[in-house]
2 protein chains.
Amino acid sequence: MKQRLAAIGTVETLPHRVATFLSREIESGELNPGARLPTEQELSEKFGVSRNVVREAIAQLRADGMIEARQGIGAFVLAPEQRAAIRIDREALKDTHNMERLFELRCILEAESAALAAARRSKEHLDSIKAALDRMGGEERWEEGSIDADLLFHREIARATGNSYIHTFISFVCEQIRHSIHYARMTNPLHDLVEINVGEHVRIYDALVAGDPAAAEAAMRAHIVGAANRVGVRLPLSKANGAK
Amino acid sequence: MKQRLAAIGTVETLPHRVATFLSREIESGELNPGARLPTEQELSEKFGVSRNVVREAIAQLRADGMIEARQGIGAFVLAPEQRAAIRIDREALKDTHNMERLFELRCILEAESAALAAARRSKEHLDSIKAALDRMGGEERWEEGSIDADLLFHREIARATGNSYIHTFISFVCEQIRHSIHYARMTNPLHDLVEINVGEHVRIYDALVAGDPAAAEAAMRAHIVGAANRVGVRLPLSKANGAK
DNA sequence: GTGATACATATCATCCTACAACTTATTTCG
DNA sequence: CGAAATAAGTTGTAGGATGATATGTATCAC
């Protein structure tokens, strides 16, 4: 808990601020792919920080594949396709439209993954999923514990696909949505009343136990559309609505 | 081109090596969430590098949300759910099983996204997609240019969904697969003979023009399964095979 | 004049030292 | 015994020095 709060309200360290500034400049197109960044010394003077700070910032951008530094020449902006990491701007999560986009992405990922999980889940997987389901228990309101259990439920299903990348991606997207909801609740306390729907989860679990991919996919899709609705996001998934 | 080669054969910088080492230690579970990392001084002695190098490595892990550093105390490993970035280990891409997993993830993402794109694409989107299609042109073999055009084709479709996150995720996964195939071709030259199937692309494009989500999804799914087969990966997608 | 070599310059990579800011444990003193 | 002062340990930042690498410039032999 202490860890989570610290992670959300992270102190703005100097290298982080410099990295964010440069990153925004690249994203916004002020620095096009191929362009050369100012030298480390110029940057350190411009921001009024030491060269060490600038180097740590550049090291981060380089690790993400946003820039490439070449000894003796300089640092250059790389094309977006060459990114080595997906990083989502926390600030952007405060925008409701982005929360909607995340829910849409989540629906795409989890619906079909649920079908995979139904086909591949082992006994051990089912036990883990059941344990998470029980932890949600009688709690009808979204307390922190219930949210944790809910996310664990989804992660365990993703794990049951046997595909580690699917697990990673779904975990990541779910966590971004958690943050997005967290921000939304701060600005609009009404969201505190949002309920957690146990029935939807049970239907997903039953489909997994039965090993019925189509049912699992439908149940998962219905659940995510429902979850989105409960936080005020109406998913405009043409396929989801039409295919049911 | 020069950029891409440089990006692939990136020189192993010291901070990168330290970061990779620590990252592996965390992934493997030798350093559990909550555990404290050795001090910067201890690490610099252990690796025989300066504290500066250690700091750059830690800055990267911190930016990824893998660890949290607290002034005056130390650095601590965070839970996997708190990751702020998705980063895929390039080494792991050399494993064919991982290429298979990536194709599976790609299929999930792109199939349904194609349906969304069919419902939402604008005239301008169609033009961009058509341009990429034309660039693939008569080339029947996978030259670098054709691969670029192919990836652009897929990226433009993802963009036509209007969901920037979907675009980001699909671009990223496709790029990882490109690297994976690149490695596979180095160890097994036979893969040089892999062909690009223009017909599959045309069918996708036609469905997008027609604004037919179901057809677009089916065509995209068939295409990705086909593309996987052509590089020697048989996709075990239960749903994909059954639903057609 | 031309070409090759040597030199100077610019930049990133790494190292080193020092100090500030923060946390924790210990000691000291009322 | 309790509270404040002190000391020690750790990360954050600053600044300079040196090595490695790429590029441009000048010099010199022919």
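Reader: Let's start with S1 and S2 of chain A: in which sense do they pair, and over how many bridges?

Author: This is a predicted model. In it, strand S1 (residues 67-70) and strand S2 (residues 74-77) of chain A are antiparallel partners, with four bridges in the pairing.

Reader: Which residue does Ile67(A) stand opposite?

Author: Val77(A), in S2(A).

Reader: OK, over to chain B. How do S1(B) and S2(B) run, and how many bridges join them?

Author: They run antiparallel, joined by four bridges. Ile67(B) is found opposite Val77(B) of S2(B). The hairpin has three residues between its strands, and Gly72(B) takes a positive phi near 90 degrees.

Reader: Zooming out, what's in chain A by way of helices and strands?

Author: Eleven helices and three strands. Going from the N terminus, the order is α-α-α-α-β-β-β-α-α-α-α-α-α-α.

Reader: How much of chain A is buried?

Author: Of its 244 residues, 50% are buried. As for contacts in chain A with a separation of 6 or more, 69% of them are between residues 24 or more positions apart.

Reader: How many residues are in contact across the interface, and how much area goes under?

Author: On the chain B side, 60 residues are in contact with 61 residues of chain A. The two chains bury about 5400 Å² between them, and 55% of that is on carbon and sulfur atoms.

Reader: Which three residues of chain B supply more than any other three?

Author: Ile86(B), Glu112(B) and Tyr165(B), which give 14% of the area that chain B buries against chain A.

Reader: Switching to Ile166(B): where is it, and is it buried or exposed?

Author: Ile166(B) belongs to helix H8 (residues 164-187) of chain B. Its relative accessible area is 0%, and buried means under 20%, so Ile166(B) counts as buried.

Reader: What is Ile166(B) in contact with?

Author: Setting aside neighbours within four places in sequence, Ile166(B) is in contact with Glu104(A), Leu105(A) and Ile108(A) from chain A, and with Ser113(B), Leu116(B), Ala158(B) and Thr161(B) from chain B. Ser113(B) is 53 residues away along the chain, yet the two C-alpha atoms are separated by 7.6 Å.

Reader: Last one, helix H2 of chain B. How far does it reach?

Author: H2(B), residues 14-27, has 14 residues and reaches 20 Å from first C-alpha to last, close to the 20 Å expected at 1.5 Å a residue.

Reader: Which of its residues are buried?

Author: Pro15(B), Val18(B), Ala19(B), Leu22(B), Ser23(B), Glu25(B) and Ile26(B). Looking down the axis of H2(B), these fall within an arc of 160 degrees, so they line one face of the helix.

Reader: What do those buried residues pack against?

Author: Helices H3 (40-47) and H4 (51-63), plus strands S1 (67-70) and S2 (74-77), of chain B.

Reader: And what follows H2(B)?

Author: Gly29(B), with a positive phi near 95 degrees.

Note on methods: Residues numbered from 1 in each chain as written. Chains lettered and ligands numbered in written order. Predicted model: local features only at pLDDT ≥ 70, side-chain atom pairs only at ≥ 80, totals over all residues. Heavy atoms only, no water. Helix = DSSP H or I, 4+ residues; strand = E, 2+ residues; numbered from the N terminus. Expected span 1.5 Å × (residues − 1). Buried < 20%, exposed > 50% of the residue type's maximum accessible area, 1.4 Å probe, protein only. Arc of directions from axis to C-beta. Contact = heavy atoms within 4.5 Å. Pairing = 2+ DSSP bridges. Buried area = accessible area lost by both parts, 1.4 Å probe.
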